Amino acid sequence: MLLLALETSCDETSAAVVRDGTVLANVVSSQFQLHAEYGGVVPELATREHLRNLLPVTHAALREAGVTPSQVEAFAATRGPGLPNALMTGFTAAQAMAFASRRPFLGIHHHEAHLYSPWIAGHPPRADFAAFEPNVSLIVSGGHTMLVHVRGAFDHIVLGSTLDDAAGECFDKTAKLIGLPYPGGPQMDRLAAEGNPRAFDFPRPLLREENDDFSFAGLKTSVLYFLRKNPGLTDDGQRIRDLCASVQAAIIETLVTKTMRAARRLGVRCVTASGGVTCNRALRRDLLAACERAGLSLRLAEQSLCTDNAAMIGIVAERKLLGSAAGTDLDAEIEPGWGLEDADGRQLAAKP
Ligand code: KG4
Ligand code: ZN
């Protein structure tokens, strides 16, 4: 099936073309430079930028895939969760294209797409669902941090999530306190590589608690107080690198420990991770080391598929449409606050 997918839930405008489980094109236009000036995503600006970018990005994806619009057999778009107006741009555009060409349309849950993105691999990227095995999955993005038990393909339950800030948000907010540009995650990653992670001791929130929830707001506050107590520290390049390494270590130890504990408790043989923070090199390295020690296999989303992209939307949409999924109505609305379990993975399940 030749499918065109759009993703506009936050600050990336993306269009992808997939066919029979292979990503033929995945074009992403990131708006981070636009929002950097404001230190975070400004929803109104994001919406306008999506409207400006949607057609060029869609044309670029079709061109790269070597297909014409009339060849597209189905359309998909992110339905939620995300910024309401941003979601509306891609969702409505895909509905309009489906209406005009009388082809099926499917709205996709953004986190469901992240959840299965570790199974897309290779050049060109291909869905490797034949290798699928039940797993515990860590989704870590700018807006969400959650642990999910994936019992079968499109059969998953949320184990826990963040009670306040997401891991990516914690990276971004602490980076801002240190004076680093937005988005802070990649900057922290770069500086932390040359710092001492044991230089300063920051709290590992909820680490000892026997649940699968996270909380990162306290860590951010302790960095704020730390900087107030040590006002000259940000003038010293090496101390900044040590601080970045120490904050990153606190975030990563929490993520890795809780993921491994859930995997052990549920008896799965596989761990997966996805979402923007999965780009973090120390997280990738530490998760790998922990899985090797525990004798578990690890599937990390490829770097280009960690941050928001339409390829993961397209792969999940095609899988569902080829299975038993009914299309989404052409007058259906976006779901900005959609819960992962409400996405009804089981009823719409394609055969693994
Ligand atoms: O998944 P994503 O593109 O957008 C959301 O759906 O939120 O994730 C963006 C988040 C940002 O918070 C960004 O700082 C973080 O991912 N991020 C990183 C790295 N690259 C991106 N955090 C830590 N280390 C990185 N290398
Ligand atoms: Zn995302």
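This note goes through the predicted model point by point, from the overall fold to single residues.

1. **Basis.** This is a predicted model: local features need pLDDT of at least 70, side-chain atom pairs count only at pLDDT 80 or more, and totals for chains, interfaces and linings use all residues. Residues are numbered from 1 along each chain as its sequence is written, chains are lettered from A and ligands numbered from 1 in the order in which they are written, and side-chain values use heavy atoms, with hydrogens and water left out.

2. **Overall shape.** The protein chain holds eleven helices and twelve strands. Both are DSSP runs numbered from the N terminus: helices are H or I with at least four residues, strands are E with at least two. The radius of gyration is 20 Å, which agrees with the value near 20 Å for a compact globule of 352 residues. That radius is taken over C-alpha atoms, and the globule rule is 2.2 Å times the number of residues to the power 0.38. Along the principal axes, the C-alpha atoms fill a box of roughly 65 × 45 × 35 Å.

3. Of the 352 residues, 55% count as buried. Buried means under 20% relative accessible area, exposed over 50%, partly exposed in between (1.4 Å probe, protein chains only). The protein chain exposes about 14,800 Å², and carbon and sulfur atoms supply 52% of it. Accessible areas come from the Shrake-Rupley method with a 1.4 Å probe; for residues, only the protein chains shown count as cover. Among contacts between residues at least 6 apart in sequence, 74% join residues at least 24 apart. Contact here means heavy atoms within 4.5 Å.

4. **Zinc site.** H110 (NE2), H114 (NE2) and D308 (OD) coordinate the zinc ion (ligand 2) at 2.1 to 2.2 Å. Donors are N, O and S atoms within 2.8 Å of the metal (3.2 Å for Na, K and Ca); water is not among the atoms, so sites may look incomplete. The four donor atoms subtend angles of 92 to 153°, which makes the arrangement irregular. Four donors count as tetrahedral if all angles lie between 85 and 135 degrees; four count as square planar and six as octahedral if opposite donors are over 155 degrees apart and all others between 65 and 115; anything else is irregular.

5. **Zinc donors in sequence.** The donor spacing is H-x3-H-x193-D. H110 lies in helix α4 (residues 110–116) and D308 in the loop between α10 (303–306) and α11 (310–322), so this pair ties together parts 198 residues apart in sequence. H110 is buried at 5% relative accessible area. D308 is buried too, at 13%.

6. **C10, a contact of D308.** C10 sits in the loop between β1 (2–7) and β2 (12–19). At 23% relative accessibility, C10 is partly exposed. Leaving out residues up to four places away in sequence, C10 touches V41, A46, H50, L83, A86 and D308.

7. **Main nonpolar core.** The largest nonpolar core has 47 residues, and F202, L243, I251 and L255 have the most contacts inside it. A nonpolar core is a set of buried Ala, Val, Leu, Ile, Met, Phe, Trp, Tyr and Cys residues joined through side-chain atoms within 4.5 Å. Helix α8 gives the most to this core, with 13 residues. Beyond neighbours up to four places away in sequence, I251 touches A167, C170, F171, F216 and L219. A second, separate core of 34 residues includes A16, A76, A311 and M312.

8. **Helix α6.** Seven of the nine residues of α6 are buried, so this helix is largely enclosed by the rest of the structure. Among them are M188, D189 and L191. The buried residues of α6 pack against α5, α8 and α9.

9. **Cis peptides.** A cis bond joins G80 and P81, with omega about -10°. P81 is in the loop between β4 (74–80) and α3 (84–101). Another cis bond joins Y182 and P183, with omega about -10°. P183 lies in the loop between α5 and α6.

10. **Positive phi.** F154 has phi near 65°, a positive value in a residue other than glycine. F154 is in the loop between β9 (145–152) and β10 (155–161), and is buried at 0% relative accessible area. L206, also not a glycine, has a positive phi of about 60°. L206 lies in the loop between α6 and α7 and counts as buried at 19%.
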